[in-house]
Every structure is written in structure tokens, then in C-alpha cells.
Amino acid sequence: MCMRGDKSDDEEEVSAEEKLPIVFCKEYNVRFCGIEKLVSTNTAAAKGDGIFRKLCEEDFLTERWVYRPQREISRQELKVVHTKRYLRSLRWSVNVAKITEVPILLFLPIFCIERGYLKPMRFQAAGTLLAGELALSQGWAINLGGGFHHCSGDKGGGFCAYADISLLIRKLMTDPYGIRRIMIVDLDAHQGNGHERDFMDDDRVFILDMYNASIYPRDKEAKVAIRRKVELRPFTQDREYLHKLRTNLDAALAEFSPEVIVYNAGTDILDGDPLGALAVSPDGVIQRDEEVFRRAISAKIPIVMLLSGGYLRSAATVIANSILNLSAKGLLPRRH
């Protein structure tokens, strides 16, 4: 089912040639009655707004040029991946506090958590599904949110309440899309144990995961699902990081020919990020994204980029600059 919903009057006035396959809406923003200002993980959840504003300032985007999910992902759609038991568990503040790793949520009523956190996460998940549709028709798409790679069908964690990557892959594998070979390129600083658990025994999904092996989640069982595992040492810098990326990405694409690439582009690899504990520079992140997109676009493999983690305030500017670089290098082609 298409996540676009009914078009607004503004959208009706914009031609397909003007719109870019970039997905965002204001409903992505996480709010905890002001508490979010004290929570580092909210920096990741809210950075889409900063990216959007930066791209507007650079005259790259306007509100009328982006695609917006017109509604949050539905419970019925969530049940394609998530168990009923897990979805019911999200009705209790204590369970959501564990997922977000924000203990103060224990003291908030669930209706506040629902409105301020779970609903924005469902909008971002809807944006991931919409971005997948757009990538198939236009060759690429970027969701300014999503990438909840610690959540599996029956368990959340690491601020990830909904398994949007697994939901997207399940959707693309069903009619009318019928995709049979999908590659996840997970370059967040943390191991993507959620989607790894969901596709443990599915050889249609090839997972390349490059992460700091010394930090959360250290999920040994989930590692079995990784087809190309690149474990980094703490404080890895640009030269080593980019060399390992190029080598392993080329090897993965030589081994497996995907019909779609799901690119989980966490910026918690940035030097100084409080949770990623790597030391990649802003230029290194921009080069990383260029390496991934260049291979996908040159091979004509549709690519869906999701933002995932990133806990520095500067991350939004870095991502915006990366998108501008991709455009300048001709790696965001138009297919209208």
C-alpha cells in the first residue's frame, strides 16, 4: 500500500520533474514534554529537521519538493514483521523506557510517550516504506529518518521501537514488487542486530555490517546472519575506515548481485560522537556516502538511504553537506 496518502493542494501544484525522492515531514520530530533536550539519543531522532532546514537554506529543497508520508504506519502493516505480543508491550511505559534507554520515561504516562515518541517513530517507519517505493521508480531515495536497526520483530532496543528496515524488505519482497535479492549496507557505528535477527536464515538478504565491535549491542547470536562482517577498533580514522569500506563493499557486490540496496547511513561514526566511539571526520562521512552511492548508481541498483544513529548536533550539517555533494557529483540522477 502506498504511504503517500491523499495529495495536498501544494503537492498538486508541483510537477514530478520538480520533486526529489527525499522523504520528510514535521511529524518525525520526537518530543518528550521538553525532556528531549536532556536526552542525547533525541539528537538522532530529530536531526531530520535540521537536515531539511539546511537543504532549504542552500536552495536545494523546499517543502513542496519533498515527499511526505501522509499518515503513520498502521498496526496492520507493523504486524507483517512484529508479533502481537511485542506491539502490546509498547502500551507500557516501563517497556518503552527500556527500549529508549531513557529511565525518566518510567514516570511519564503512556499517552505522552505515545504522542511524543512512538507516533514519530511510526511516521519515520512510514517514510522508510515510501522511500523504498520511490527508489524503485527513481533509482534512489533518502528518508530523513528511520534506520532503526536494533529492533527486530519481537524485540526493541537502542532507541529503536519499530523494525523499519525489516518492514521495508518484507514489503519489497511481496507483490507487486517481487524483489528477491536485497543487500543491507549497514554503516552505523553499532551492529545492526535487529535486521540480522529477522533475516537469520534468509539467503535472499545479504548483510554487510561494518561497526565498532567494542560497543553495544555485542549480539553474538545475530552476527551469524552477517554475510560480510567488518569489525572496527575504537577510534578508527578516515584512512583505515574508507579502505575497509571500499574493499568490503566491492567484495560484497562481487559475491552478491542485489536488486535493491538498503543503506543504513549512521553518522555516529563521527569523531566525538558520545556513543559511536569512532573517529571519522565530516569529510570522511561525505566520502563514505559517495562511495556507496557511486557503486549503486553506476550499477543501476536502486538505493534507499536511511539516517540511523548520530548523536552530535553537527551531524545534521554533515548529512546535508553529504547530500549536496552527492548531487554535485551527479549521484542523485532524475528519472522523469
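Which side chain meets E290 in a salt bridge? R294 does, at 2.7 Å from N to O. A salt bridge here is a side-chain nitrogen of Lys or Arg within 4 Å of a carboxyl oxygen of Asp or Glu.

Before I go on, some ground rules. This is a predicted model, where local features need pLDDT of at least 70 and side-chain atom pairs count only at pLDDT 80 or more, while totals for chains, interfaces and linings use all residues. Residues are numbered from 1 along each chain as its sequence is written, and side-chain values use heavy atoms, with hydrogens and water left out.

Back to that pair. E290 and R294 both sit in helix α10, residues 282-298, and are 4 residues apart, about one turn of the helix. Helices are DSSP runs of H or I with at least four residues, strands are runs of E with at least two, and both are numbered from the N terminus. E290 is buried, with a relative accessible area of 8%, whereas R294 is partly exposed at 35%. Buried means under 20% relative accessible area, exposed means over 50%, and partly exposed is in between, using a 1.4 Å probe and protein chains only.

Now the chain overall. It has 11 helices and 7 strands. Its radius of gyration is 18 Å, close to the 20 Å that the globule rule gives for 336 residues, so the chain is as compact as a globular protein of that length. That radius is taken over C-alpha atoms, and the rule is 2.2 Å times the number of residues to the power 0.38. Along the principal axes, the C-alpha atoms fill a box of roughly 50 × 50 × 40 Å. Of the 336 residues, 60% are buried.

Helix α7, residues 164-172, is mostly covered, with 8 of its 9 residues buried. Among them are D164, L168 and K171. K171 forms a salt bridge with E133, the closest N and O atoms being 2.7 Å apart. Since E133 lies in helix α6, residues 110-138, and K171 in helix α7, the pair ties together parts that are 38 residues apart in sequence. Both K171 and E133 are buried.

The salt bridge count comes to 19. Another one joins E114 and R122, with the closest N and O atoms 2.2 Å apart. E114 is partly exposed at 30% relative accessible area, and R122 is buried at 9%. There is also a network of salt bridges linking R246, D250, E291 and R295.

Last, the surface. Which residues form the positive patch? They are R75, K79, K84, R85, R88 and R91. Patches take residues with over 30% relative accessible area and no salt bridge, joining like charges within 9 Å and nonpolar side chains (Val, Leu, Ile, Met, Phe, Trp, Tyr) within 5 Å. Lys and Arg count as positive, Asp and Glu as negative, and His and the chain ends are not counted. A charge is placed at NZ of Lys, CZ of Arg, CG of Asp or CD of Glu. Helix α4, residues 84-89, supplies the largest share of this patch, 3 residues. R85 is found in that helix and is partly exposed at 48%.

A nonpolar surface patch is formed by W92, V94, I104, L106 and F107, with about 560 Å² of accessible area together. Areas come from the Shrake-Rupley method with a 1.4 Å probe, and for residues only the protein chains shown count as cover. V94 belongs to helix α5, residues 93-100, and is partly exposed at 39%.
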